[in-house]
Amino acid sequence: MGSQLIREWTGIQRFPLATQSKLLDSLGILKNQSVSSLTILVVGKGGVGKSSTVNSILGERALPVGAFQSETQRPVMVSRSTAGFTLNVVDTPGLVEGGYVNGRMVETIKSRFLLNKTVDILLYVDRLDTYRVDSLDKQVVQAITESFGKDIWKRALVVLTHAQLLPPDGLEYDVFSSKRSEALLKVVRSGARIKKQDAWASGIPVALVENGGICNKNDNDEQVLPSGIAWISNVVRNIVDVALNGNKGILVDKKLVEGANPDRRWKEFIPFIFAFQYFLVVKPIERAIKKDMEMEVRPSWDATRRGF
Ligand code: GDP
Ligand code: MG
């Protein structure tokens, strides 16, 4: 299951010529940096448009998509190759079910699809047209952080779907989308326990996507969002930027599969910290108290005085 056949990325040819040439430019940038493959892990709540986004990027219906949770409830890997470059995408169902993180699912993703591979990009998908973040968002972020480590967010691209919309309350499109992005990034930062001082965390890029085919088109026949952005080539460009942002991808080695989260390794030292405290802090204090008690001159009315 993990080693799926790598097929030719023929979907590229279905895009308008302008998009095709921008995609090839992006792949050329990777090639210049000797990057010949990328592995993308796609996560997010159920029904937000994860599989649809992958299909949009591939230019074909490679993954089942469903409005009523009819899609298969297991992770899937699709690989497409073109001009010496291979794109691997691991699409996942919602990682949180009934309020709980589906630990087995996360394990399957790691051991069956990603073992000894590097996650180059984490695509965190949600909807643009949602006005509030809920506890599920935070749980998904926590589940990812817990199983891949905090540094995976240095390789993250947030994707907001349903981006062809008219903002509420007369808000301008750009104002609305940056407000929604910021609200979501806040959840990511708190769910992943990223410190405010960590400047990179506020720089996690956000790309807008419209999978519904209801976009306007520009003169080159490309689908554009209300902001005027041709979004397919833009999201691919964002992926390439993240891949080359200087941070390391997350290698899924045996240790990571077995659950040794790099952020938690320090916890192995807890017994030592306690021992250290006991011998170097508690013991001396006890000794000092004992000594004080021995030295103490007690008042004559104190019946507990020894020697009387
Ligand atoms: P997943 O569970 O996150 O993989 O979500 P799917 O990709 O299966 O999408 C769920 C439903 O939302 C499907 O009916 C899609 O057609 C629809 N959908 C996904 N993305 C968009 C989008 O950007 N715009 C619109 N209008 N519909 C979308
Ligand atoms: Mg899906």
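This is a short tour of a predicted model, stop by stop.

Residues are numbered from 1 along each chain as its sequence is written, and chains are lettered from A and ligands numbered from 1 in written order. Local features need pLDDT of at least 70, side-chain atom pairs count only at pLDDT 80 or more, totals for chains, interfaces and linings use all residues, and side-chain values use heavy atoms, without hydrogens and water.

**Stop 1: the sheet**

Helices (H or I, at least four residues) and strands (E, at least two) are DSSP runs, numbered from the N terminus. Find the open sheet of seven strands, in the order S1-S3-S4-S2-S8-S9-S10, with mixed pairing. Strands S1 (7-8) and S10 (206-208) stand at the edges; each has a single partner strand, so one side of each lacks a neighbour in the sheet. Two strands pair if DSSP finds at least two bridges between them.

Now select S2 (residues 37-44) and S4 (residues 85-91). They run parallel, joined by six bridges. Pick Leu38: its bridge partner in S4 is Leu87.

**Stop 2: helix H4**

Select residues 135-148. This is H4, lying across S2 and strand S8 (121-127), at about 170 degrees to S8. Axes are lines fitted to C-alpha atoms, for helices over the stretch in contact, and angles run from 0 to 180 degrees between N-to-C directions.

The axes of H4 and H5 come within 8 Å and cross at roughly 45 degrees. That makes H4 oblique to H5. (Under 35 degrees is roughly parallel, over 145 roughly antiparallel, 65 to 115 roughly perpendicular, and the rest oblique.)

Show side chains. Asp137, Lys138, Val141, Gln142 and Thr145 of H4 meet Leu184, Val187, Val188, Ser190 and Gly191 of H5. Contact means heavy atoms within 4.5 Å.

**Stop 3: helices H1 and H7**

Select H1 (residues 17-32) and H7 (residues 231-243). Their axes are 9 Å apart, at an angle of about 5 degrees. That makes H1 roughly parallel to H7. Among the residues in this contact are Leu23 and Ile29 of H1, with Val236 and Val240 of H7.

**Stop 4: a salt bridge**

Which residue forms a salt bridge with Lys22? Select Glu222: the closest N and O atoms are 3.1 Å apart. A salt bridge is a side-chain nitrogen of Lys or Arg within 4 Å of a carboxyl oxygen of Asp or Glu. Lys22 sits in H1, while Glu222 is in the loop between strands S11 (216-217) and S12 (223-224), 200 residues apart. The count comes to 11 salt bridges.
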